[in-house]
Amino acid sequence: MRHRVSQKKLSRDTNARKALLKNLATSLVLHEKIVTTTTKAKAVRPFVEKLVTVAKEDTIINRRYLSTKLDKDAAVRKILELVGPTFKERPGGYTRIIKASPRAGDRADMSIIEFVDNVSETAAKRKLEEKKPKKISKKELTKVQTEQKKTTTKSKTSRIKSISKKAAAEGKKK
């Protein structure tokens, strides 16, 4: 009995297995949903969840780490700009595995692995919220306008005073 075995070998050597996980994770980030065998989905799930946890904070160190774990720069950009901020408040469990019908050719158990929240929708909502100007009530608008008038009159009077002081100082020097 092999104790403390943490992952399946997926009938591949180490380098092929790492490449497979890297490709599956990249596809999942780019397409947000992939159909694969159940065993591969269970193997890629912890790999992707760790990447999303790292992507919650956009730093240069995290960006470099993610670029080693994902194949494409577009995937790194997407996970840092969309996926990470979407799950910022969530402590874990970013993906779900849904059983699908067996594959037609060899009857292999198939599954769909996807993100729990729809990343595209939340990103689109966030962009719309940023673009919408905040509605200000008439009372708030009049307050802001009166404050602006006060500051402009104060700045004008302070400019006039400073100019007159400079002129007086120059007159005394002569």
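Mentor: The count comes to 6 salt bridges, where a salt bridge is a side-chain nitrogen of Lys or Arg within 4 Å of a carboxyl oxygen of Asp or Glu. The model is a predicted one, in which local features need pLDDT of at least 70 and side-chain atom pairs count only at pLDDT 80 or more, while totals for chains, interfaces and linings use all residues. Residues are numbered from 1 along each chain as its sequence is written, and side-chain values use heavy atoms, with hydrogens and water left out.

Side chains of opposite charge can pair when their charged atoms come close. One of the salt bridges joins Glu114 to Lys33, with 3.6 Å between the closest N and O atoms. Because Glu114 lies in strand 3 and Lys33 in strand 1, this pair ties together parts that are 81 residues apart in sequence. Helices (H or I, at least four residues) and strands (E, at least two) are DSSP runs, numbered from the N terminus. Glu114 counts as buried at 11% relative accessibility, whereas Lys33 is partly exposed, with a relative accessible area of 47%. Here buried means under 20% relative accessible area, exposed means over 50%, and partly exposed lies in between (1.4 Å probe, protein chains only).

Glu114 also meets the side chain of Arg96 in a salt bridge, at 2.9 Å from N to O. Arg96 lies in strand 2 and Glu114 in strand 3, so this pair ties together parts that are 18 residues apart in sequence. Arg96 is partly exposed, with a relative accessible area of 32%.

A further salt bridge is formed by the side chains of Arg103 and Asp106, at 3.0 Å from N to O. Arg103 counts as partly exposed at 36% relative accessibility, and Asp106 is partly exposed as well, with a relative accessible area of 48%.

An open sheet is formed by 3 strands in the order 1-3-2, with antiparallel pairing; two strands pair if DSSP finds at least two bridges between them. Strand 1 (33-37) and strand 2 (95-100) stand at the edges with a single partner strand each, so one side of each is left without a neighbour in the sheet. From one strand to the next the twist averages 25°, the axes being lines fitted to C-alpha atoms, for helices over the stretch in contact, with angles from 0 to 180 degrees between N-to-C directions. Strands of a sheet pair through backbone hydrogen bonds, either parallel or antiparallel. Strand 2 pairs with strand 3 (residues 110-115) in the antiparallel sense over 6 bridges. Phe115 in strand 3 is the bridge partner of Thr95.

Phe115 leads on to the core. The largest nonpolar core has 27 residues, and Val52, Ile79 and Phe115 have the most contacts inside it; a nonpolar core is a set of buried Ala, Val, Leu, Ile, Met, Phe, Trp, Tyr and Cys residues joined through side-chain atoms within 4.5 Å. At least two residues of this core come from each of helix 1 (14-31), helix 2 (38-55), helix 4 (73-86) and strand 3. Helix 2 gives the largest share, 7 residues. Not counting residues up to four places away in sequence, Val52 touches Ile79, Val83, Phe87, Tyr94 and Phe115, contact meaning heavy atoms within 4.5 Å.

The whole structure holds 2 aromatic pairs. Phe87 and Tyr94 form a tilted one, 5.2 Å centre to centre with 50° between the planes. Phe87 and Phe115 form a tilted pair too, at 6.0 Å and 40°. Rings of Phe, Tyr and Trp (its six-membered ring) pair if their centres lie within 6.5 Å; planes under 30 degrees apart count as stacked, over 60 as edge-to-face and the rest as tilted. Phe87 is buried at 0% relative accessible area, Tyr94 is buried at 1%, and Phe115 is buried at 4%. Ring pairs link Phe87, Tyr94 and Phe115 into a cluster.
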